[in-house]
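Have the model open while you read.

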Amino acid sequence: MLRIVVGIPFLFLLSGCFEHRRYSRREIRKDLIEKGIPVKIVYYDTLGRTIRYLKIGSDTLPRKMVLMHGSPSSLEGLRSYLNDPDLQKSTQLIAPDRPGYGESDYGWGEKFIGQQSAVLTKMLWQIQDKRPTLLFGTSYGATVAARIAMDHPDYFDRLLLVCGSYKPGAERIYPISKLVPIFSAWIPGFIHVADDEKQNHYPHLVSMVPLWKKIHIPVTMVHGLEDRLLYPENPIWAARQLTQSPQVEVIYLANQRHGIMWTARPRIKSLMIRELDRLTNPDPMVMSHE
């Protein structure tokens with residue numbers, strides 16, 4: 001049996017879901033280092049790319065959460081979560097700038113979902129240990145997180161996806177996006193990166209369809225019932241593909257659109273904490289299939 005929960009709206013409605021500013025070293029120092037929180041800013045080269053990621057908290061903490069930001073965005077889009085003392089408690093937080101965003105080759109994106117996963121593999125090698133790990137992703141970062149879980153089925157212990165794109169074609173493509181290449185000289189790099197990803201969603205989501213069965217960890221998906229960008233049918237469709245997952249939960253937030261990372265922040269934070277707690281105390285009541 002698949003568990004579906006419809007939640008109460010928090011804060012206010014927001015139609016978008018992005019933050020494109022770069023999370024600078026000065027801001028990281030002010031937010032974290034000056035407060036005595038251990039932070040490592042890591043750059044690595046792989047497959048012709050340069051990727052930056054943050055490690056927040058000590059390697060001795062008992063669990064980890066790896067976070068994938070949305071599109072267009074960067075680590076800045078996760079800043080309020082990365083700086084949250086409740087999330088930092090007992091959990092090391094690890095988050096990259098995805099290719100083309102922040103300080104990971106800004107403006108030079110990667111439209112192939114599988115290649116994004118491949119580029120981030122070196123980060124996974126560098127942070128790998130025996131601690132239980134939650135993989136989190138939001139918006140297009142949720143799509144990338146799902147692909148990473150498919151490509152590395154034994155690395156993570158739980159998967160939490162928020163307002164993601166999973167079903168081929170179940171999203172809105174704005175006609176104005178066709179103008180991006182025409183006016184490229186006047187359009188910021190992060191818009192180019194996001195547009196390349198958006199315009200190439202369909203074929204890459206199709207290629208992922210047979211890979212959903214490779215995910216064999218518990219999965220929770222959260223979506224706004226009024227999401228007009230990535231339609232609410234996405235998580236239900238994905239749940240039907242997760243035939244090898246022992247637990248699948250779909251949570252819909254009533255009166256919420258795509259920006260639930262901000263408009264429903266208390267709810268998203270509570271779900272992060274719940275999923276982190278489940279790394280060591282699984283909930284036997286959440287079952288996925290009949």
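This is a predicted model: local features need pLDDT of at least 70, side-chain atom pairs count only at pLDDT 80 or more; totals for chains, interfaces and linings use all residues.

Helix 5 takes in residues 140-151. Its end C-alpha atoms sit 17 Å apart, which agrees with the 16 Å that twelve residues should span at 1.5 Å a residue.

How many of the twelve residues of helix 5 are buried? Eleven of them are, so the helix is mostly covered. The buried set includes Tyr140, Val144, Ile148 and Met150.

| Residue | Relative accessibility | Contacts beyond four places in sequence |
|---|---|---|
| Thr143 | 0% | Ile113, Gly164, Ser165, Leu205, Met208 |
| Arg147 | 15% | Ile113, Gly114, Ser117, Ser207, Met208, Leu211 |

Arg147 counts as buried because its 15% is under the 20% cut-off. Thr143, at 0%, is buried too.

Now for the partner. Helix 4 (residues 113-127) packs against helix 5 at an angle of about 70 degrees, and the two axes are 9 Å apart. That angle falls between 65 and 115 degrees, so the pair counts as roughly perpendicular. The crossing is right-handed.

Who meets whom? Helix 4 brings Ile113, Gly114, Gln116, Ser117, Leu120 and Leu124, while helix 5 brings Tyr140, Thr143, Val144, Arg147, Ile148 and Asp151. Sorted by type, the residues of this contact come out as six nonpolar, four polar and two charged. Both residues from the table, Thr143 and Arg147, are on the helix 5 side of this contact.

Note on methods:
Residues are numbered from 1 along each chain as its sequence is written. Side-chain values use heavy atoms; hydrogens and water are left out. Helices (H or I, at least four residues) and strands (E, at least two) are DSSP runs, numbered from the N terminus. Buried means under 20% relative accessible area, exposed over 50%, partly exposed in between (1.4 Å probe, protein chains only). Contact means heavy atoms within 4.5 Å. The expected span of a helix is 1.5 Å times one less than its number of residues. Axes are lines fitted to C-alpha atoms, for helices over the stretch in contact, and angles run from 0 to 180 degrees between N-to-C directions. Angles under 35 degrees count as roughly parallel, over 145 as roughly antiparallel, 65 to 115 as roughly perpendicular and the rest as oblique. A crossing is left-handed if the near helix is turned anticlockwise from the far one by less than a right angle, and right-handed if clockwise. Ala, Val, Leu, Ile, Met, Phe, Trp, Tyr, Cys and Pro count as nonpolar, Asp, Glu, Lys and Arg as charged, and the others, Gly among them, as polar.
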